[in-house]
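Please read the report below alongside the sequence and the coordinates. It goes from the chain as a whole to two individual residues.

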Amino acid sequence: MVKSIKMIALLLMAVVLFGSSAFAQAGRDNDIMKAMKDELARSMSKLELGTLKKPYYISYTLADVNFLQVKSSLGAIVNSQQKPGVDISVEVRVGDYSRDNTNYVDIGSMFDFSMFSDAVSPLDKDYMGIRRALWLSTDSKYKYAAEVFESKLSALKQQNMTPEDSALADYIKMKPVKKILPETKINIDKDKWEKFSKQVSAIFTGYKDIQSSSVSVYVYNASVYFTNSEGTETRVPVSLAAVRINAMAQAEDGEPLNDHLLYYGVTPDDLPAIEKISAEVKDMAESMNKLRSAPGFEDNYSGPILFEGQAAMEVYAQKFLAGGTGLISTRKPVYSDTRAAMGLSQMMGESLDEKMDKKVVSENMTVKARPKLKKFGQTNLIGSYEIDAEGVLPPDEVMLVEKGILKTMLSDRVPTKKVGESNGHSRFVISGQGIQSSVGPGVIEIDYKNPVKSSELKKQLIEAAKEEGLDYAIIVKKITTTNSGIDQKFDPAAIASLVTSSDKNAPLTKPIYVYKVNLKDGS
């Protein structure tokens with residue numbers, strides 16, 4: 001009887017503790033969402049200025065963040081910070097769905113970044129504090145949007161748009177979505193990751209010819225709340241764990257040499273063990289020592305190149321999943337100056353959507369977007385998501401390229417001539433503690449029919465080089481990623497979002513390991 005009473009007491013205590021935590025979470029959610037909804041309603045009904053148009057659409061995004069950032073070099077911590085935070089983002093559209101202030105570039109103010117700033121929200125997520133921060137940002141964004149809208153209307157009167165361009169709406173109206181997803185629970189152990197970064201960075205003390213090195217750890221965990229004037233209300237978890245290792249040396253001929261290692265996971269538990277990372281750091285350091293004495297490449301090579309391993313994946317990311325000329329749907333904007341617009345348009349190049357329903361790659365290749373796929377084998381996929389940054393529910397699967405034929409592109413709510421609806425690919429992009437959004441991939445599945453073994457590919461490379469009368473062929477095994485620079489601000493989502501240069505003439509990032517192949521014996 002006594003045991004039963006004790007057991008009941010323990011169960012009751014567990015219920016009380018769990019219940020208080022759950023109620024606290026629910027209370028916090030209610031305060032945040034209520035503040036966002038109340039301020040949204042006030043702004044939609046009362047926000048106006050003189051003769052300027054009222055907003056027809058407003059959205060609020062609030063990220064309740066906890067993040068860790070640690071950087072070490074040669075066994076000592078350079079920077080370490082762990083703190084909670086709140087990041088807000090406000091979008092205001094003036095006009096209507098058919099024509100508003102967006103999709104417009106004013107050449108005279110295209111480098112004015114003040115419109116991107118948002119007010120800072122209080123850390124304690126107080127109801128009135130959130131409303132005040134939203135109000136300040138909404139007021140500023142509205143004034144800017146209203147002025148841009150008037151400028152855009154003036155520019156349109158001076159330009160001869162095709163009927164097809166005139167009929168293209170600026171934004172797609174969507175049915176409201178109400179979906180609250182559970183938070184991702186992450187234990188961010190600062191002591192553990194400080195010890196990790198010191199231990200791994202200390203490996204470079206054994207390599208005197210490596211001039212500069214660093215180990216950075218970044219863990220981001222947030223509940224992101226979103227609401228808009230259409231009635232959408234969502235809460236989604238956004239989490240990312242990353243380790244970036246950089247090293248720099250100098251070749252014997254004076255050329256600077258850089259190499260890097262990158263590791264990503266949904267949570268810190270997804271990152272490799274320290275033993276595996278340490279072994280790969282040592283391999284990288286040894287390879288850089290060999291690279292220091294490797295001969296410089298002085299030739300002008302024009303011929304077949306085989307990209308292997310990391311280089312093959314990076315080429316695909318930079319050229320096939322990039323904005324402007326890749327599989328990301330890109331809207332051609334209206335420009336205030338048509339002469340300047342011609343130069344900018346030529347630089348941007350032809351969008352891939354001009355090749356809709358045409359062959360763009362080998363007929364053996366099929367490419368699908370599978371945004372909700374959470375695992376591949378035993379690997380948790382960092383690109384998986386259930387709701388995009390605009391509150392749109394993506395389909396389970398989007399056929400992008402079918403047997404080499406382009407079928408559609410990754411899109412958000414901004415329509416283009418060939419992609420008239422959103423397939424839910426407005427993605428959250430993490431920058432430091434902040435969060436923004438951009439069109440980009442989540443999980444991409446590539447299937448290749450009748451694959452060729454690497455040994456056979458090398459034979460084909462050699463034969464192709466012989467046919468062109470060359471003395472050798474080239475294999476590239478590693479190239480610099482878009483997020484591996486020694487002095488870059490650490491933005492781990494730059495890889496996840498795969499938003500790279502849209503300049504059609506932009507070269508690939510710099511190769512790190514390039515091999516000349518002897519055509520006689522394959523060495």
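Buried residues, those under 20% relative accessible area with a 1.4 Å probe and only protein chains considered (over 50% is exposed, and in between is partly exposed), make up 46% of the 523 residues in the protein chain. This is a predicted model, in which local features need pLDDT of at least 70 and side-chain atom pairs count only at pLDDT 80 or more, while totals for chains, interfaces and linings use all residues. Residues are numbered from 1 along each chain as its sequence is written, and side-chain values use heavy atoms, with hydrogens and water left out.

The protein chain contains 9 helices and 19 strands, taken as DSSP runs numbered from the N terminus (helices H or I, at least four residues; strands E, at least two). Of the contacts (heavy atoms within 4.5 Å) with a separation of 6 or more, 77% join residues 24 or more positions apart.

Two residues illustrate the opposite ends of accessibility.

| Residue | Relative accessible area | Class |
|---|---|---|
| Glu 252 | 60% | exposed |
| Val 217 | 0% | buried |

Glu 252 lies in the loop between β6 (233-250) and β7 (256-265), whereas Val 217 belongs to strand β5 (residues 210-228). Although Val 217 and Ser 72 are 145 residues apart in sequence, their C-alpha atoms are 8.9 Å apart in space.
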